Amino acid sequence: MLYYLFEYLNSHGIHVPGMGMFKFISFRAGMAVLLSLLIALVFGKKIINYLRNKQMGELVRDLGLEGQKQKEGTPTMGGLIIILATLIPVLLFTRILNVYIVLLIVSVLWMGAIGFIDDYLKKIKKNKDGLSGKFKVIGQVGLGLIVGVTMYFHPDITVKRKYADAKEVNRNNVEANFMPTEKSTVSTVPFVKNNEFDYSGILFWMTPEKAHEWAWIVFIPIVIFIVTAVSNGANISDGIDGLAAGTSVVILLTLSFFAYLSGNIIFADYLNIMFLPNMGETTIFALALVGAVIGFFWYNTYPAQVFMGDTGSLMLGGVIAVLAIILRKELLIPVLCGIFLIENLSVVLQVGVFKYRKRKYGLEYAQNNRLFKMSPLHHHYQKEGYHESKIVNRMIIIGVMFAIICLITLKVR
């Protein structure tokens, strides 16, 4: 909103000292991250006290983990802190009519609402199972459908790709190195020299024109799968103090860097990557979310004063997925969200191996010979005797390594 105020005043010849800074994405992004951090820190405590007074404490199942029962009664639904601290700076500092910003705000509210309903049913209605799994999946599929349809059909979502033989001659005319703006389902393939992949290529039996026309048949289901998978991955990772929040900060910082580079034609030209018009604004959104999650992390580190609940974890996973998709970096998700993937795989492997051993050797053998002592993986290390803080810190370090690998893909092809 402040950007539009600056434009209005400027168009009427009114010059307020300092208002000119609002035309720079870097300035607005810096202000957004500072404000979101302050909101989370200042109002976070008040929200925690409110949740405690409303008896929104966590009901902890006894899994035999050290220090587990002491967490009973810790307020949950802390994802509300993240949502509040993100949306206020986004509304203030972004061009909120930008299609990407609208899509991201919808993602926050949509997934936040699904998580809130789940937490509400558990805590207020005393339904220990919360929202049925199928309804969660329906909600995730719904968001994936919204994102996929918008990405494919909205006229403002376009790309500009560099000519194969383009060479920079004049920094003030780098746009000459790029092809005309086009609608495309093209994405980025990491570690490949010609690192662009068009989903229409999957329809290889069609003519190129027909394949582009019908690419939505492939593209939209893939978007739905990605949103559902990453959202569930973040949800599963939210099992010990600070794990989901800490790893999400690393992921979001990486995506905000990609957003800034992809939305700046000079950097896109230098790095030989796709230029995504109107993408720069998402840098502000991503950094506002970073500030909000760091502010929440202040209260979520061991021993946690608040848990994010599904209100936060489902929302974070969904927004990370949407950010990666609109940045055309969804094929980097297995690396960038490596911690989420590992946590997810540990559950799948645990169940799969247990069923196999039960069928082949019997129930008693399967129960006594599990692949992990407990899944998800962070609980396995707790059973091994590692302290929560050590597990979280080491997983964040691994997450940083994954993020560096993703950044290296900008040059290593």
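The structure is a predicted model. The mean pLDDT of the chain is 88, and 92% of its residues reach 70 or more. Among the elements of the chain, helix H10 (residues 281-300) has the highest mean pLDDT, 96, whereas helix H1 (residues 2-11) has the lowest, 77.

**Salt bridges**

Eleven salt bridges are found in the whole structure. Three of them are set out below.

| Pair | Closest N and O atoms |
|---|---|
| Glu-281 and Arg-28 | 2.8 Å |
| Lys-210 and Glu-213 | 3.9 Å |
| Lys-373 and Glu-384 | 3.6 Å |

Glu-281 forms a salt bridge with Arg-28. This pair links distant parts of the chain, since Glu-281 belongs to helix H10 and Arg-28 to helix H2 (residues 25-53), 253 residues apart. Both Glu-281 and Arg-28 are buried.

Lys-210 and Glu-213 are separated by about one helical turn, because they stand three residues apart in helix H6 (residues 208-213). Lys-210 is partly exposed, with a relative accessible area of 41%, and Glu-213 is partly exposed at 46%.

Lys-373 forms a salt bridge with Glu-384. Lys-373 lies in the loop between helix H14 (363-368) and helix H15 (377-383), and Glu-384 in the loop between H15 and helix H16 (388-408), so the pair ties together parts that are eleven residues apart in sequence. Lys-373 has a relative accessibility of 49% and counts as partly exposed; Glu-384, at 41%, is also partly exposed.

A network of salt bridges links Asp-118, Lys-122, Lys-136 and Asp-310. Within this group, Lys-136 is placed in helix H5 (residues 133-153). Lys-136 counts as buried because its relative accessibility is 14%, under the cut-off of 20%. The side chains of Lys-136 and Asp-310 are joined by a polar contact of 3.0 Å. Beyond its neighbours within four places in sequence, Lys-136 is in contact with several residues, including Ile-114, Leu-131, Asn-235 and Leu-314.

**Other buried residues**

Glu-343 is located in helix H13 (residues 338-361) and is buried, at 0% relative accessibility. A polar atom of the Glu-343 side chain lies 3.2 Å from the backbone nitrogen of Leu-377. The C-alpha atoms of Glu-343 and Asn-235 are separated by 9.9 Å, although the two residues are 108 residues apart along the chain. Apart from neighbours within four places in sequence, the contacts of Glu-343 include Ile-236, Pro-376, His-378 and Met-395.

Met-395 is also in contact with Thr-247. Thr-247 lies in helix H8 (residues 243-262) and is buried, with a relative accessible area of 3%. Ile-339, Phe-340 and Ile-396 are likewise in contact with Thr-247.

Pro-277 occupies the loop between helix H9 (265-271) and H10, where Pro-277 counts as buried at 13% relative accessibility. Pro-277 and Val-159 are 118 residues apart in sequence, yet 6.5 Å apart in space, C-alpha to C-alpha. Pro-277 is also in contact with Tyr-100, Thr-158 and Lys-160.

Leu-145, Val-149, Phe-153, Trp-214, Trp-216 and Ile-217 make a nonpolar surface patch of about 530 Å². The largest share, three residues, comes from H5. Leu-145 is found in helix H5 and is partly exposed, with a relative accessible area of 42%.

Note on methods
Residues are numbered from 1 along each chain as its sequence is written. This is a predicted model: local features need pLDDT of at least 70, side-chain atom pairs count only at pLDDT 80 or more; totals for chains, interfaces and linings use all residues. Side-chain values use heavy atoms; hydrogens and water are left out. Helices (H or I, at least four residues) and strands (E, at least two) are DSSP runs, numbered from the N terminus. Buried means under 20% relative accessible area, exposed over 50%, partly exposed in between (1.4 Å probe, protein chains only). A polar contact is a pair of N or O atoms within 3.5 Å; within protein, one must be able to donate a hydrogen and the other to accept it, and residues adjacent in sequence count only if both atoms are side-chain atoms. Contact means heavy atoms within 4.5 Å. pLDDT is the predictor's confidence in each residue, from 0 to 100. Patches are made of residues with over 30% relative accessible area and no salt bridge: like charges are joined within 9 Å, nonpolar side chains (Val, Leu, Ile, Met, Phe, Trp, Tyr) within 5 Å. Accessible areas come from the Shrake-Rupley method with a 1.4 Å probe; for residues, only the protein chains shown count as cover. A salt bridge is a side-chain nitrogen of Lys or Arg within 4 Å of a carboxyl oxygen of Asp or Glu.
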